[in-house]
Amino acid sequence: MIVDSVLINAKAYLKGQIVDCSIAIEEGKIHKIGKETQMPSADEKTNLHNLLVLPGLIDEHVHLRDEGKAYKEDFVSGTSASAAGGFTTVFDMPNNEPVTMSVATLRDRMALAARRTFVNVGLYSEFPRKVSELQDIVSEGVVGFKLFMGSQIGGLNVDEDEALQDAFKEVSPLKVPVAVHAEDKTLLYANEEKLRLAKKVSLQAFEQAHSEEVELKAIERLIKISASIDIRMHFCHVSTAKGVEVISEAKKTGRKVTCEVTPNHLFLSASDLGRYGQLVIMAPPLRNKDQVKALWKGVEEGTIDTVGSDHAPHAANEKVASSVWDVKVGVPGLETTLPLMLTEVKKNRLSFAQVVGLLAEKPAEIFGLKDCGQLEQGKNADISVVDFNKKFKVDASKFKSKAKFSPYDGWEVVGKPVKTYVNGNLVFDDGEIVAKAGSGSIVRGEF
Ligand code: DOR
Ligand code: ZN
Ligand code: ZN
């Protein structure tokens, strides 16, 4: 048999170890992993010269924008940034224009994505206006429902426990996870109102409004009201020690509760506000060093399941304003997440196993992507090839993302993505996108 391609001289992460091997690819799947001498003949042979080979990374938290927000990012730029950052699958958040929250908006967005993406894309939907629509949205193909608790974005009234409970009951048999932005709207709005009235417009005022309590309240409330309902609840960008604690307590009772942390909340803290200013305004905000320490502990102990970038691109002029309340929240992250994490492996703070767990295995497991997350015969040939020994400086001006700014600009890191294969196709090679737009596919989980 002649396979499509063979990658030789790989140092691949296979089930917990880095192994010298070759990988044969056939029809988008991993056909075989073994010694070079055991490889079948191939149409194409690529020598990886001992580069690090990781299972294609999955970022479950990306704002790809496009449609009405295409000036910030679109499927082409956002999935180029994904491939350039070593991600082969990304999940798109629904706070778009129009908001993804119905079969119709989902269908339009999917059709657009199918033509424009370089990597595999899963779409989230917000909760629709009527719970009876949930089934149809799932049938159309989503990776999960997103629930913004900090503002009214979807069709579900986040102020009413009963409405939330009804929606969770309806989602339960559909199995898809509910990914939560946990900030309590009532408390957040009250805090903000008070500060605005007092004419507070500083970075610190934003931090005060989005207090630790705001996060904790939302997490506690959701855990409580979903207690008797069998749903998968994934807390996005957890940023507080208490938040992690409450989630890990819920896990101990056997509930399907998981959580994510962003690199921003691990690598930056409130003490960096002076240095980066409004650029690092994000929700949830940067926390003090004790909270950051607790998040690292959560990562090291495994109570935090995944790292998601929360890639939140904005136009440069939206990141500065005379009042903090007018600054758009969030920073791009697709092209910095992997190098930031691998730099910690170089420093022996994290292991490859932890990084692969956080960025590939766990997101695949939580979201039911059965063919992703591991380098194994029969799985998708989604492969991230990285130069682990390459020291380089982050240069945001070279990002594929439209958002060419980053708090990590100029940071020295290791672990440069050099080749990204999606479904067996080379999509990113040595700094360039080499595939056609539309080469990625739309993915959904299986439960
Ligand atoms: O920082 C953030 N950016 N937090 C959010 O909740 C939204 C996101 C965005 O869409 O820009
Ligand atoms: Zn969020
Ligand atoms: Zn987000």
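Guide: In this predicted model, Asp430 is exposed, with a relative accessible area of 62%, which is over the 50% cut-off for that class. Asp430 sits in the loop that runs between strand S15 (425–429) and strand S16 (432–433). Its phi is positive, about 50°, although Asp430 is not a glycine. Most residues other than glycine have a negative phi, and most peptide bonds are trans.

Arg65 also has a positive phi, near 60°, and is likewise a residue other than glycine. Arg65, however, is buried, its relative accessible area being 3%. The loop that holds Arg65 lies between strand S5 (57–62) and helix H1 (75–84).

One runs from Glu97 to Pro98, with omega near 0°, and Pro98 is placed in the loop between strand S6 (87–92) and helix H2 (103–116). Another joins Ala283 and Pro284, with omega about -5°; the loop between helix H10 (273–276) and helix H11 (289–301) contains Pro284.

As for the metal site, the zinc ion (ligand 2) has His181 (ND1) and His237 (NE2) as its protein donors, lying 2.1 Å from it. This pair links distant parts of the chain, 56 residues apart: His181 belongs to strand S9 (residues 178–181), and His237 to the loop between strand S10 (233–235) and helix H8 (241–252). His181 is buried at a relative accessible area of 7%, and His237 is buried at 2%. The zinc ion (ligand 2) is 3.5 Å from the zinc ion (ligand 3).

Technical notes:
Residues are numbered from 1 along each chain as its sequence is written. Chains are lettered from A and ligands numbered from 1 in the order in which they are written. This is a predicted model: local features need pLDDT of at least 70, side-chain atom pairs count only at pLDDT 80 or more; totals for chains, interfaces and linings use all residues. Side-chain values use heavy atoms; hydrogens and water are left out. Donors are N, O and S atoms within 2.8 Å of the metal (3.2 Å for Na, K and Ca); water is not among the atoms, so sites may look incomplete. Helices (H or I, at least four residues) and strands (E, at least two) are DSSP runs, numbered from the N terminus. Buried means under 20% relative accessible area, exposed over 50%, partly exposed in between (1.4 Å probe, protein chains only).
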